[in-house]
Amino acid sequence: MLDVLIVDDSAAIRKILQRVLRQAEIPLGTVYEAGDGVEALEALRKQPVGLILSDINMPNMDGLEFLTKVRAEPSWQKLPIVMVSTEGTQAKVLEAVERGATGYVRKPFTAEQIKEKLACYFE
Amino acid sequence: MTPVANGITQAELVEAIRSATTEVFSTMLNLELAPGEVFVEKEEAAPASGVVSLIGLAGTWVGSGSLSCPASLACKLASLFLLAEYPGINDEVLDSIAELTNMVIGNVKTTLENRLGSMGLSTPTVIYGRNFQTRSARNQEWTVVPFEADGERFCVQVCIAPNSDVKTQTPRPGFPVPHVLNV
């Protein structure tokens with residue numbers, strides 16, 4: 001069972017992603033939520049997870065800064081982090097990868113695209 | 001074709017808005033849209049009612065994007081988005097409209113960035129009420145693209161202009177990425 005942290009300032013997107021995860025036939029554990037990078041770091045320190053889905057454009061601490069801070073922590077360097085964002089240029093995707101993202105899904109997305117992208121983390 | 005300003009024409013901006021809006025509504029709501037007749041608005045708009053969601057664009061070009069719709073359509077869109085019934089406006093409806101706007105304007109921004117260089121996107125601000133007006137402080141021209149969804153009309157509009165605070169504009173080469181990338 002894999003615990004997941006969803007980081008997005010939109011409660012609607014957190015709800016949709018949670019629904020997609022629960023409907024997928026995957027060994028899903030507990031799903032935690034955070035509204036920005038600051039909340040996500042606090043959540044991670046309290047409760048380790050096996051996978052993070054994170055938006056990029058968020059208040060307080062955006063997804064790229066959050067990514068950098070997570071990768072700076074030795075125990076989190078191999079934690080899978082998939083960015084889910086409207087940001088779609090090649091430059092932005094490459095920046096996310098350089099900072100340590102392991103996957104990228106562009107909004108808008110279908111449930112099938114999310115399931116396909118995340119399947120490898122639940123094998 | 002009429003230039004919005006150096007770098008992009010009116011027709012290209014309209015196409016970017018139509019393409020992004022159609023894709024977001026089709027993918028996230030399974031809703032087909034009928035496009036309406038585009039117009040440009042410079043004078044102060046007539047008082048409106050309903051929901052307006054605004055997002056700022058900033059970079060070598062600056063501007064705003066918005067999505068506006070009647071309250072009844074906002075509730076329908078939120079119901080399709082979250083698979084729940086919303087008989088009236090509440091926080092979940094407003095958050096849904098904000099996120100749909102974020103997706104639409106975010107994808108318009110991606111298209112524009114390939115021509116105009118990097119831009120940042122603010123988080124959305126949503127207004128719900130009656131008899132209110134919105135306008136750009138610099139009184140720029142808005143390109144307004146109407147659509148019809150489920151028998152009701154809504155508008156996506158963008159105003160954008162070169163950032164006078166930035167002396168040199170260096171469009172960055174790039175291309176939109178596919179929805180799912182294996183990296």
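**Helices, chains and contacts**

User: Is the crossing of H1(B) and H3(B) left-handed or right-handed?

Analyst: Helices (H or I, at least four residues) and strands (E, at least two) are DSSP runs, numbered from the N terminus. A crossing is left-handed if the near helix is turned anticlockwise from the far one by less than a right angle, and right-handed if clockwise. The crossing of H1(B) and H3(B) is right-handed.

User: What kind of model is this?

Analyst: Residues are numbered from 1 along each chain as its sequence is written, while chains are lettered from A and ligands numbered from 1 in the order in which they are written. Local features need pLDDT of at least 70, side-chain atom pairs count only at pLDDT 80 or more, and totals for chains, interfaces and linings use all residues; the model is predicted.

User: Which word describes how H1(B) and H3(B) lie to each other?

Analyst: H1(B) and H3(B) pack at about 140 degrees, with axes 9 Å apart. The axes are lines fitted to C-alpha atoms, for helices over the stretch in contact, and angles run from 0 to 180 degrees between N-to-C directions. Under 35 degrees counts as roughly parallel, over 145 as roughly antiparallel, 65 to 115 as roughly perpendicular, and the rest as oblique. H1(B) and H3(B) are therefore oblique.

User: How many nonpolar residues are in the contact of H1(B) with H3(B)?

Analyst: Residues are in contact if their C-beta atoms, placed from the backbone, lie within 7 Å. Residues of H1(B), including Ala16(B), Ile17(B) and Met28(B), meet residues of H3(B), including Leu100(B), Met103(B) and Leu112(B). Ala, Val, Leu, Ile, Met, Phe, Trp, Tyr, Cys and Pro count as nonpolar, Asp, Glu, Lys and Arg as charged, and the others, Gly among them, as polar. In this contact 3 residues are polar and 1 is charged, while the nonpolar ones number 10.

User: How does H2(B) lie relative to H3(B), and what is the word for it?

Analyst: H2(B) and H3(B) pack at an angle of about 80 degrees, and their axes are 9 Å apart. That makes H2(B), relative to H3(B), roughly perpendicular.

User: How many nonpolar residues does the contact of H2(B) with H3(B) have?

Analyst: From H2(B) come Ala74(B), Cys75(B), Leu77(B), Ala78(B), Phe81(B) and Leu82(B). H3(B) supplies Glu92(B), Val93(B), Ser96(B), Ile97(B) and Leu100(B). By class there is 1 polar and 1 charged residue, and the nonpolar count is 9.

User: Which element gives the most to the side of chain B that touches chain A?

Analyst: In the interface, 29 residues of chain B are in contact with 30 residues of chain A. On the chain B side, two or more residues each come from H1 (10-29), H2 (71-82), H3 (91-116) and E11 (180-182). That side has 13 nonpolar, 10 polar and 6 charged residues. With 12 residues, the element that gives the most is H3(B).

User: How many strands does chain B have?

Analyst: Along the sequence, chain B runs β-β-α-β-β-β-β-α-α-β-β-β-β-β. Its secondary structure has 3 helices, and its strands number 11.

User: Is Lys92(A) buried or exposed?

Analyst: Lys92(A) is found in helix H4 (residues 90-98) of chain A. A residue is buried if 20 or more other C-beta atoms, placed from the backbone, lie within 10 Å of its own, exposed if 12 or fewer, and partly exposed in between. Lys92(A) has 22 such atoms, so Lys92(A) is buried.

User: How many faces of helix H3(A) do its buried residues line?

Analyst: In helix H3 (residues 63-72) of chain A, the buried residues are Gly63(A), Leu64(A), Phe66(A), Leu67(A) and Val70(A). Seen down the axis, they fall within an arc of 155 degrees, so they line one face. The arc is that of the directions from the helix axis to the C-beta atoms. The number of faces lined is therefore one.

User: How does H2(A) lie relative to H3(A)?

Analyst: H2(A) and H3(A) pack at an angle of about 30 degrees, with axes 9 Å apart. Gly37(A), Ala40(A) and Leu41(A) of H2(A) meet Gly63(A), Glu65(A), Phe66(A) and Lys69(A) of H3(A). The angle of about 30 degrees makes H2(A), relative to H3(A), roughly parallel.

Conventions
Contact = placed C-beta atoms within 7 Å.
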